[in-house]
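Please look at the sequence and the structure first.

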Amino acid sequence: MNKIMIIDTSNGNIINSKEVYIHDDILEEFTFNRAEKKLHLSIVKEEKFNSVRFSIDFLNVIGFEMTSCDFWGRSPHILDFEYVEKDNTTIIPKLFEMKNNNDYPFCALDIQEKYIETIITFISGDRLIIACKSIIIG
C-alpha cells in the first residue's frame, strides 16, 4: 500500500476492488486496544527484492471473531479481504439485537447503518471477521 486510505460506509465496497489488494500478504501480528476500540493489523507484502510493511487499523470496533484452526493447512498468507454487504453481516445484527432486547443504558452502539463488516480469509481457511465504523490502511 503506497497511500493512506480511509474506508467507511460511504466507500466500503472499495475493499472488494484491486485498490485494496492484500492477497498473498502476511498477517504478521494483530493487537486490540480495548480502551480505544482499535484493532491494529501489521501486514507484510513480500516483493521480489524486499518486504514492505503497512498497517490496517479498524477503528471504533464493536466486535470481531477469528478462527485459527488451519483448516486447509498452516499458512500466514492472506487469501482474500472482503467487504460484507449489509444483508450478509453477522456480527452487527447480533450485537444490535442484544442491545435492543435488553436494557443496556451504557451501551455505546448508536446507528446500525454507521458500521461496516469485513472478512479476511487466510490461505489456511481461517477467517477474521471485524465490525467497526472505519478502517485506515497505510
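## Strands and cores

Ile56 stands opposite Ile137 in strand 9. Met5 also has Ile137 in strand 9 opposite it. The model is predicted, so local features need pLDDT of at least 70 and side-chain atom pairs count only at pLDDT 80 or more, while totals for chains, interfaces and linings use all residues. Residues are numbered from 1 along each chain as its sequence is written, and side-chain values use heavy atoms, with hydrogens and water left out.

Strands are DSSP runs (E, at least two residues), numbered from the N terminus. Two of them pair if DSSP finds at least two bridges between them. Five strands form an open sheet, in the order 1-9-4-3-2, with antiparallel pairing. Strand 1 (5–7) and strand 2 (26–33) are at the edges with a single partner strand each, so one side of each has no neighbour in the sheet. From one strand to the next, the twist averages 15°; axes for this are lines fitted to C-alpha atoms, and angles run from 0 to 180 degrees between N-to-C directions.

Two of the pairings are listed here.

| Strands | Sense | Bridges |
|---|---|---|
| strand 4 (residues 51–59) and strand 9 (residues 134–137) | antiparallel | four |
| strand 1 and strand 9 | antiparallel | three |

Asp57 has Ile136 in strand 9 as its bridge partner.

The next topic is the packing of side chains. In soluble globular proteins, nonpolar side chains tend to be buried together. A nonpolar core is a set of buried Ala, Val, Leu, Ile, Met, Phe, Trp, Tyr and Cys residues joined through side-chain atoms within 4.5 Å. Buried means under 20% relative accessible area (1.4 Å probe, protein chains only). The largest nonpolar core has 25 residues, and among those with the most contacts inside it are Ile7, Ile56, Phe81 and Ile137. At least two residues of this core come from each of several strands, including strand 3 (38–46) and strand 6 (78–84). Phe81 touches residues that include Ile15, Val20, Phe58, Ile135 and Ile137 (contact means heavy atoms within 4.5 Å), leaving aside residues up to four places away in sequence. A second, separate core of nine residues includes Phe96, Leu109, Ile119 and Ile129.

Where does Ser124 lie? Ser124 is in the loop between strand 7 and strand 8. With a relative accessible area of 2%, Ser124 is buried.

Key. Buried means under 20% relative accessible area, exposed over 50%, partly exposed in between (1.4 Å probe, protein chains only).
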